[in-house]
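Work through the exercises below with the model open. Each task is followed by its solution.

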Amino acid sequence: ESGVNGLITPCHEYKSFAIAAELNKNQLQSKFACEVIRFASACMNIRTNGTIHFGVMDRVEDRGWKHGQIIGIKVKEPEYYVDALDYIEKCFCKNVQEIARKCIHPPVFVEVISKDSQEQRFVVEVDIEPTSNLVKNRVFEVYLPKYNEGSQKVTLTKDRALYQRLGAKSETVKHDDLTAFIQGLQDRDAQREKAELSSAEVHTEISQNLGRKLQILLNDGKSYMDDSLRYILVTNRCEKDNLNYINFLMQLNIFCVFDFDADSNVSGLYSKYKEHHATRSYFLQDFYNESQTGNPPSQKHLCLFDQTSWIFCNGRSDFLGDEKPCDENTWIRMKKKYLKKAITRICDEILPKRSFIVLFLLLSSVQKPLVDTFQEFYTEMNGTEYIVCIAESRENYGKWANLAQASCSIETLEQCSIVGMKLSHVDATIQAMLPSTAQPRHLPVSTRGLCTLPSLEEEKLFSLEILCVDQCDDIKLDLLTEKEIQEKEQNFYRGRKITWENFWLADKRHCGEIIEREACKDASKLLDDILRGIGLNYSVAKLKIFHHPGSGGSTIARQVLWKRKKDLRCAVIKASYSPATVCEHALAFRDYEEKDISHCLPVLLLIEDYDEDYLEELRNELMDAVATRKINSPRPYFILMCCRRSNDPERLCKASPLDTVAVTHKLTDSEKSLFRTKLEKLKQKDVKPEFILTFVLMCEEFNETYVRDFVGHILQDIDRSSRDTYLMRYVALLNFYVPNSYVSLSHCEAFLGLGAYTERKSRAYDFKSHLSEQARMIFIELRESTTYISSVQIIHCLVAKEILHQLSGNEPQSQLAMTLLQEKTLFENRFGREEFIKFIRDLFIRRDKRSRGDNTDTLFSPFIEHVCKAEDCEKAIAVLKAAYEQLGKDPFFAQQLARLHYNNEKFQDAEYWAGVAKSHLPNDSYILDTEGQVYR
């Protein structure tokens, strides 16, 4: 017995109840209810969890018992105890009766096993759980029921009493202490809330890695499955809903099954298994009789096991030779005898030691014959080293463990048991280890096992690119040639965004390893800090990666996801969908296939080159959604890994060092060594430098002189008047001034006169073959992840800058832009037109912002500012006017013209263009502000 201990750890009270258990119904119920209600009100008033145990000695008497000794009581009718709690409505005040019902749990009957007696006894336990949301600001006064021997009726005490827990006793609050006790309610409520929060944190931290435990126990220490082990399955009734989640049994090398489900051959495990495999079925006594040969196992005897032998253990028959079935007690005794003989035969004569594992699969409530089977195997095998128990239900396991501890300790049982892992997760985890099955996609779960992600469920979460535990494992390597693998690697080192396939091929050592920069390690450490709850406890945390263009920031972000895909749920956000849609899908992704959504794995979401307003809206949506669940957790629900280009990443990192990583072109000494070594390895594979240009530039840290010489070497002898050279210049103009811009392959083909866009598989020509050698070297083909448009870019924005400079000659950039605006084939091409127009708009009106990581806050787009500075204001005005006409008289171009004019003190023209913009959008606040600035 105990007093208050941290509020969440229950205090305990014992009642022997030996005499009361033998009384009539009314006497028993009044006595039971009196003890429970007094104890419960004391716990609820103090705000502590508690358990009262009936059938445990509560005081020392001269009867040979000790205080706290388990004796158990006879339970004639369990309903008497359950119904006794109907006194709650009579004993508690009306305003708290419903609360009391929720705090006082129904009685639990724990069977007591005694070696000295076959008499069935139980300890009856009632748990009290006064959660803060139920009991806050309330006191619980009660009447108590008493049985009157004279009238033989139950009456209630005359006065209500307020009980509290003092030490190991439940006592009334004295009248003089009542005021102080009630005034202390607020403090006790606060302590309860704090204790519940701490309990939730501890629960999260100590969650076992059940997935790994299952792998190791089921495979005798190996992390994969082969045919070296056979399995003896011992199981009970499989409910219909669970039949879908035992497919792993079809793949195990099962020797025999002890089946304790009488209906198994009709609608249970046996009938499903037989659809896939040939089996021989026996009743237990048939197997026993078959095993009665006194000789060593003969060929005849072994043929019993050339197919899986299914032994039904719940049948009864007149096997004793009588015309009538034997009585129940005789059957129980004989069944134990059969079990012992059959198990001895298997373990000692048929299967070699250490060649098999006994798997207890507890699919429903456990009965004693199943435990008898465990005890026989435990004895024959001298322990639990080759015994595994799987139970999804903690209640079923609890009964199993209580009964089985007659053979071994609870601690020993727990070492060989997988408890609380959903059967579907067990199925997916085991299936993922099997070499012979087709691999579906899997996600990690909070028990550290796996669940299956069918394609239909994945398609519902269309705003997320989900990264699975076994991503790319479905790749058929035998269908990939060495040349194709080399091409995938070279595409990355030329400048194409890294793919999951690149990581997978590197992990499988089919291509060279991918360099891990220091920033990747920094990001991983910050992620670990966030997961440990270090710093502010946000439900939605942010981890920011700011990077120089082309410095590998996107690769680092994806490396972090790839490394954590087995212990977090990971996905990439498709920012083309609304924050509300992404939020809905992210919550569904987090909760998918989890049994307890309060303890799911955190979700790591990567968002790249985002708009700040979009990110904040998404974060607010996620935080609001989490708040409605009212779940406290030391770990965040979601971690948004925000990866964005920046011209000054170190400044942004300095502004927020605890959650930000900067990635620059500058390499550390250790990184330089890694890059040099990698370059040498690539050269040893006869990879020419022109096929890995971006990587070569990275090795040189994008040194300006090196880039200038590098581009000069490529452009030597280029035909400056050719169509593909002009295409190169247009793409370079966009790539340098507009982050993440590209020109669709369809636009390129139209511009080069190669015909309408068709799918690659039906093209009669190869786009690259129509390019000059120089264009082939500096262009890289890619596929946009959200629109799936095939497109081209310059291999790096600094290369684009140098191309613009070296190919311009005496032609100013404003003239190049003018020429671009007059290219009808580009503006009239319909496929991918929306994206192309967006990039053109950004070229002329998208301003630099420090908040985006740019070096400065500009008044105009970097291109317009360059024209004003390098040429003159009139050229900038002229090119903006041309863009206004070409892009359908866009009002925001008119607004920019107004701003450009008044900043150069051309006020009459500024007034005109402000009026033009206003005529299109008379109520737009930005345009009205520009008009105001003109008049000012």
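**Exercise 1.** Is the crossing of α20 and α22 left-handed or right-handed?

*Solution.* The model is predicted: local features need pLDDT of at least 70, side-chain atom pairs count only at pLDDT 80 or more, and totals for chains, interfaces and linings use all residues. Residues are numbered from 1 along each chain as its sequence is written, and side-chain values use heavy atoms, without hydrogens and water.

Start with the axes, which are lines fitted to C-alpha atoms over the stretch in contact, with angles from 0 to 180 degrees between N-to-C directions. Those of helix α20 (residues 500-507) and helix α22 (residues 553-564) come within 11 Å and cross at roughly 60°. Therefore α20 is oblique to α22; oblique is what remains after under 35 degrees (roughly parallel), over 145 (roughly antiparallel) and 65 to 115 (roughly perpendicular). The α20 and α22 crossing is right-handed: the near helix is turned clockwise from the far one by less than a right angle.

**Exercise 2.** Which residues of α20 and α22 make the contact?

*Solution.* Contact means heavy atoms within 4.5 Å. From α20, take Trp500, Phe503, Trp504 and Asp507. From α22, take Thr555, Arg558, Gln559, Leu561 and Trp562.

**Exercise 3.** At what angle do the axes of helix α23 (residues 579-591) and helix α24 (residues 612-627) cross?

*Solution.* They cross at roughly 45° and come within 9 Å. α23 and α24 are therefore oblique to each other. The crossing of α23 past α24 is right-handed. Among the contacting residues are Cys583 and Ala586 of α23, and Leu618 and Leu622 of α24.

Definitions and conventions
Helix = DSSP H or I, 4+ residues; strand = E, 2+ residues; numbered from the N terminus.
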